[in-house]
Amino acid sequence: MSNSSSKLPELAPVGGMSAAVSSRYEALRELSGQIHDRLGDELWRHGFASDQITLLPPPLANYGLDRDSFTGAPALVGRWLDSQGRRRGSLVFHADGSFFVEQDILQPHPRRPGWFVEAITAWGRELTIQTELRLLPMPE
């Protein structure tokens, strides 16, 4: 249960972060880069050409702190938005070291006819990074 006095800062681009958000982001900058690299590796492993998909880098997300609904601890949350303000993906870094990242791909799978890659996700804790494509059957 939250009220306005416990509200955490709104999301802001990296350049406009509050001191608390900036400090948390800086502590996770290296990990977020490693996650970004692993997402790229997963795409290329599945047959996407390096010029076919452009993953959005972590510094381009808008960041803020949000309360973790389970623990109540502040989590660093980043959101990638397109030029029309629609969400393209998100990054969530929890206080316990766990994280979840997802980014829209919206492309046919290069090696699995009839399948569409909706998004790519990464999750884990600290330097343990798992990745996976989220697949959907192609609409007929």
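The questions below walk through a predicted model of one protein chain.

Residues are numbered from 1 along each chain as its sequence is written. In this predicted model, local features need pLDDT of at least 70, side-chain atom pairs count only at pLDDT 80 or more, totals for chains, interfaces and linings use all residues, and side-chain values use heavy atoms, with hydrogens and water left out.

Q: What is the mean pLDDT of the protein chain?
A: pLDDT is the predictor's confidence in each residue, from 0 to 100. In this chain, 88% of the residues reach 70 or more. The mean pLDDT is 87.

Q: In what order do the elements of the protein chain run?
A: Helices (H or I, at least four residues) and strands (E, at least two) are DSSP runs, numbered from the N terminus. The chain has 1 helix and 7 strands. From the N terminus on, the order is β-α-β-β-β-β-β-β.

Q: What percentage of the residues of the protein chain count as buried?
A: Buried means under 20% relative accessible area, exposed over 50%, and partly exposed in between (1.4 Å probe, protein chains only). The chain has 140 residues. The buried part comes to 38%.

Q: Is Glu102 buried or exposed?
A: Glu102 sits in strand β5, residues 98-108. Its relative accessible area is 11%. That value is under 20%, so Glu102 is buried.

Q: In which strand is Ser90?
A: Ser90 is buried, at 11% relative accessibility. Not counting residues up to four places away in sequence, Ser90 touches residues including Gly78, Phe100 and Glu102. Its place, within residues 87-93, is strand β4.

Q: How many salt bridges does a search of the whole structure find?
A: Side chains of opposite charge can pair when their charged atoms come close. A salt bridge is a side-chain nitrogen of Lys or Arg within 4 Å of a carboxyl oxygen of Asp or Glu. The search finds 7.

Q: In which helix do Arg45 and Glu42 both lie?
A: These two residues form a salt bridge, with the closest N and O atoms 3.0 Å apart. Arg45 is exposed at 53%, whereas Glu42 is buried at 8%. They are 3 residues apart, about one turn, in helix α1 (residues 19-45).

Q: Which residues are linked in a network of salt bridges with Arg87?
A: Arg134 forms a salt bridge with Glu102, the closest N and O atoms being 3.0 Å apart. That pair links distant parts of the chain, strand β7 and strand β5, 32 residues apart. Arg134 also forms a salt bridge with Glu118, with the closest N and O atoms 2.9 Å apart. The residues linked with Arg87 are Glu102, Glu118 and Arg134.

Q: Why does the pair of Tyr25 and Tyr63 count as tilted?
A: The structure holds 2 aromatic pairs. Rings of Phe, Tyr and Trp (its six-membered ring) pair if their centres lie within 6.5 Å; planes under 30 degrees apart count as stacked, over 60 as edge-to-face and the rest as tilted. The centres of Tyr25 and Tyr63 are 4.7 Å apart. The pair is tilted because the planes stand at 55°.

Q: At what angle are the planes of the rings of Phe93 and Phe99?
A: Both Phe93 and Phe99 are buried. Their ring centres are 6.2 Å apart. The pair is tilted, with planes at 40°.

Notes: Contact means heavy atoms within 4.5 Å.
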